[in-house]
Each structure stands twice: as structure tokens, then as C-alpha cells.
Amino acid sequence: MDAARLVRTLNNLNRFGYADAGMTRLAYSPVERQAVAYFSGLCEREGMTVRYDPCGNLIARREGRHPELPVVAMGSHLDTVVRGGRYDGALGVAAALEVVRSLNDRRLTTDHPVEIIVFACEESSRFGVSTIGSKAMAGLLDKSSLAVLKDRAGLTLAEAFSQCGLDFDGIGRCARGKEEIKAFFELHIEQGPILENEGKPIGIVTGIAAPTRYEVTVWGRASHSGTTPMNGRRDAFLGAAEISLGLEAAAKTDVAYGTVATVGACEVKPGAMNVIPDTAELKLEIRGTSVESKSRVSERLFEVIRKIEKTRGLAITVKELSDELPTTLDGETTESLCRLCEREGVSYLRMTSGAGHDAMNMARLCPTGLVFVPSHAGISHCRDEYTSAEQIVSGASLLELAVRKWACSS
Ligand SMILES: [Zn+2]
């Protein structure tokens, strides 16, 4: 593997959407599509055949000795958040190309065909839904729910598709069969501080957390803030505050399972300084890789809510907004990544991912491995995102070993 060439590829990809404040390549924007098209050209130069599926996933194929065998695929995404970093997504794409170039340098023909996939719309920044491309490929997309999506400018997803020359009505045709793909590998930055804190260059991901989200509405009684004595109040906000602290305690009790919980939004009404709030609406999520642990935290939250209803004289309703299943990554792919690290004397950590990735959808389709490299200070989704060249190369080298191992044995 040519480390300098890999870094150069990454730098060249990051010329698209570069600004001092960070990288901006929003999904289905002209600059993101230009970056994907540029990458497609690089793949063609390596002798790969390239195609786009109807939702804009780029699929580049390097033929194997047995074209009829299922492919061994690798990839990530090139779209970013607004003012994002240089490594989130782009690293996995650049590394996949370096793996192919390295195979070409060695004139190595694999038994299985090898694919690079650049997934469309991984980030939710533009349309509020994440990993659209990999969901479509895994057959997990509900087209009717996509039809209502709009970006901030009011443009629908279908309109964005047609601006890019893509086929919104054809989204169902993105789905691939389980028999088509033998395994999928993604290299990604950790976007958290664990690897750096543990001094490990590689993380092998065993599971990807999923959120369960609730909207909790607390009803109290509005009244004059000056004339209502402290002990005669039914303050909706104080109930919401106690629920929030109760949620924190509920999650901390399960800290050993890595479950986390967050109240991310709170709206207080009527929202005047001289009126005791009569309504408080919380939006919260419980996230983790253990279904049992998540439901224990939920149960503790519900207990707190029932208690607060009584002690504060409030009415509280809970509405479940979503309940997603965590992803357990395939034992065989994960174990083979671990064995490769051991063989090469590379220190690694088995870990879970708190953030979603394309790999979680691909895991529903085929055996999937997800490799993390450290993010300096755990910073991501901003321009200060940083992973050293040495760390990048150690991740890309593991990706190459995995692809060679899986693509060379039938
Ligand atoms: Zn990403």
C-alpha cells in the first residue's frame, strides 16, 4: 500500500466543498455529485467498471477470476454535514481505492470480484434522514415516507434526485440480493474519544447502537409567577426537569452496558417569565447496543414519570416516536478482522459504535465488518476532525488484508 498516494487521494477528494470553516458536501448537492463523479473517474482509471444505481450509489467493480461469485465490497460515503470534517466518510472511500490500487500494483487477481461502493446521502443534514443509499441497497427504504422529505429551501428529495439526473421512482431497484455480496467492509473514523484514550490504533466494531425516541408532554397549571405561593404550584417545567434528571440517573445505572440517554429538546409554554409554565414538551432518546438495557432504562424512566405525576399533581403523556433495533455485526467478519490484527501485531479494541453508519444497513444484507481509526480528541462533524496519516494507513492496511482474505478464498 502506498501511504502517500492514499493521503493524496483523500486531499484531492477534499478539494470538493472545501472552505476555511470546514467541508460542506451536502447530499445530492452539485459539489457532492462532482466529488462522486471525480472518484468514479479514478476507479475507471484503475480498470474498474462503474455504474450508479437509481438513488445515486456509485458501484465500481474490479472483476475476479470467477465473475459469477458474490462480490466482496468495501466503501463509505462522500457527503458531509454542513462545515464538517475531512475524514468522516471520505477516508473509507479513499482507502477503498487504495486497496484496489494496491491489488493492481501486485497484479493480484482475486477469486471473487471486488467492489467499491460510495453510498449516497449518509448524513441526515439535508433531508433529515440518514443512510438513504445503504438503506435502499439493503431494501430497507419505505418510498412513501421519503416522498414528504424536503430540505431547508423547500426542495423535495424527489426534486433533488431529478436535479442530479437520478430516478426517484426507481429507488426500489437499488435493493440487492443477499446472494450478490459475500461480505462488506467499511473503514471509518471513530468520531469519539475511546481509541485515543485507550491508546489503540484500531477499533473493531461489534455492534452499532440504535435510538429509541420519546416525546414526553407534561401538563400543569399556568398561573401568576408573583402571586402563587411555592407550595401551591403545578409547574410543568419543574416536572420536566425532574424527568430529565431521572432519565440521567436511569441511564447511569446501566452505564456498564454503554447505554446513553439524552433530552435534546425542551419547549416550555407559554414561555413568559411571569407565568408558571402549564406545558413542557421534552424530546428524548435512549441509545445503546443492548435491547434489554435500553428497555430497563425506559422502564426506570416510566417509573419516574408515574411518581412525578403523583408528587407534583401533573398529567404526563409519553409518545414513542421511534424504536430502532441495534445492529450486531457478523461474528465471522468481526472475528476475522481481530485475527488479522493479531497476526500483524496490531493492537486493537473491540468496541461498539454510538453513531449510525452505512455498515449497519449492509449488515442486514451480508456479513459486515466495521473498522474504526482514532479521531483526535474525539472531535467530529467539524473542521477540527483529525486522524493522522499513520493511523489512516493502519486502518487502510487492515481493510486491504480483510478484502484479500475474503476475496481470495471461495
Ligand atoms: Zn460517516
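Modeller: Four bridges join β3 to strand β5 (residues 181–189), and the two run parallel. This is a predicted model, in which local features need pLDDT of at least 70, side-chain atom pairs count only at pLDDT 80 or more, and totals for chains, interfaces and linings use all residues. Numbering starts from 1 along each chain as its sequence is written, and side-chain values use heavy atoms, leaving out hydrogens and water.

Biologist: Happy to meet β3! What makes β3 and strand β4 a pair?

Modeller: Strands (DSSP runs of E, at least two residues) pair if DSSP finds at least two bridges between them. β3 and β4 (residues 114–119) have six bridges in the parallel sense, so they pair. Within β4, F119 is the bridge partner of H77.

Biologist: Why is β3 called mostly covered?

Modeller: Buried means under 20% relative accessible area (1.4 Å probe, protein chains only). Seven of the seven residues in β3 (residues 71–77) are buried. V71, A73, G75 and H77 point one way, while V72, M74 and S76 point the other way.

Biologist: What makes the lining of the largest pocket nonpolar, polar or charged?

Modeller: A pocket is an open set of points on a 1 Å grid over the protein atoms alone, where a 1.4 Å probe fits, with protein on both sides within 12 Å along at least five of seven lines; lining residues have an atom within 4 Å of a point. Here 22 residues qualify, with R213 and R287 among those nearest the centre. Asp, Glu, Lys and Arg count as charged. The lining divides into five nonpolar, 10 polar and seven charged residues.

Methods: Buried < 20%, exposed > 50% of the residue type's maximum accessible area, 1.4 Å probe, protein only.
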